[in-house]
Amino acid sequence: MKYRLGLIGHPIKHSLSPWIHARFLEKSKIEGTYSIFDLREHELKKQIDAFRDEGIRGFNVTIPYKQKIIPLLDGVDRMAREIGAVNTVANMNGKLIGFNTDGIGYLKSLEQAFPETLMNREISILIIGAGGAARGIYYILNQFGFSSIDIANRTYQNAQSIAALNTRKNTTNILSLEDASTMSGAYDLIIQTTNVGMRPNEAASPIRTSSINKSTIVSDIIYQPIWTKLLQEAAENGARVHHGHTMLLYQAKFAFEKWFGHSPSLEDMDRQLKQLLEG
Ligand code: ATR
C-alpha cells in the first residue's frame, strides 16, 4: 500500500518537511509520498474534503492555516484545541483529526540537547514573542510544570492572551522587548519564537544579550539561518545555544507517529539537516 501525506500552507517555497518525511518513510520502509499543497484560502475547504475522500493518511499544516483549519476538520485533540492551533492532521478511520506537535517537538528537542533543563522545574524561562509558535511552547512548558515563564513581546495584549493559558498558576510576567534586553541575565532559558532575524532579515535580532549569563541557554526556533544574529551574539557573550532545526525534526517525528503509530530514530538526521541548511 502506498500512503499519501502532504503539507498545506501559503506560500510554501522552501519547506524542509518533504525532505524530513521522505527520510522517515525510507527509514521505516513505508511506501508513501509527501506532497506540497500551496493553497489560497478559498481553496482550503475543497482540498480538505478531497483529502478525506481520497483517504490521505495525514498531512501537516503551516502558516497561515494553523487556526483556520480547525472548523474544517472532523475533530481536534485537547492539546491542539487549548493551544488553538493545528500543525498535524491524521486520518483516523475516515475522520480528519487535528493535533499540535510544535510544543512537544520543542520540548523534546530541548531535552535532547540539554537534558538537565528538564530536571529542574524551578528555572526561570523567558519566551520572546506571542504568536502561534509561542503559544504552543508556553502551553507545553506550563503543562510540564515549570514554575516561572515570562513572556516578552512587541504587543502587550498578545502576550496577555498567552498568559491566559496558565492553568497551573506558574509565575508569568509580561515584559517589553527593551526590558527583556536589560533583563536577559536573569534567565536560565530564553526561547526566541518571533520571525525577527529570519532570512532575508538576518541582520535583525529581537533583543540584545550583552548582559547574558554564561549558564543561560538561548534557543531560537528560526532555522533559516541556523545561526541567527541572536544566537551568534549570545554565543559571543558566552551563553549556550540551541538551534531551531532540531524543533523542526521533533515536531515532524511526532506528526509521523500520529500517522503510523511509530517513528524512526533521528540519529544522523540532525547533522544531515544542519548540513542541508548550511548549504
Ligand atoms: P508564528 O505562528 O510563527 O508564531 P505569528 O503568529 O505571526 O507567527 O507571530 C509572530 C510573532 O513575531 C509575534 O509575537 C509578533 O509580535 P506582535 O505580537 O507584536 O505582532 C512578532 N513579531 C513579528 N515581527 C516583529 C517585529 N518586527 N518586531 C518585534 N516582534 C515581531
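This tour moves through the aromatic pairs and the nonpolar cores of a predicted model. Local features need pLDDT of at least 70 and side-chain atom pairs count only at pLDDT 80 or more, while totals for chains, interfaces and linings use all residues. Residues are numbered from 1 along each chain as its sequence is written, and side-chain values use heavy atoms, with hydrogens and water left out.

Begin with the aromatic rings. The structure holds seven aromatic pairs; rings of Phe, Tyr and Trp (its six-membered ring) pair if their centres lie within 6.5 Å, and planes under 30 degrees apart count as stacked, over 60 as edge-to-face and the rest as tilted. Select Tyr34 and Trp259, a tilted pair at 6.4 Å centre to centre with 45° between the planes. This pair links strand 2 (residues 32-38) to helix 9 (residues 245-260), its members lying 225 residues apart; helices (H or I, at least four residues) and strands (E, at least two) are DSSP runs, numbered from the N terminus. Tyr34 is buried at 11% relative accessible area, and Trp259 is buried at 1%; buried means under 20%, exposed over 50% and partly exposed in between (1.4 Å probe, protein chains only).

Next, select Phe51 and Phe59, a tilted pair with 4.7 Å between centres and 40° between planes. Both of these residues are buried.

Turn now to the largest nonpolar core, which has 29 residues. Such a core is a set of buried Ala, Val, Leu, Ile, Met, Phe, Trp, Tyr and Cys residues joined through side-chain atoms within 4.5 Å. Select helix 5 (132-144), which supplies the largest share of this core, six residues.
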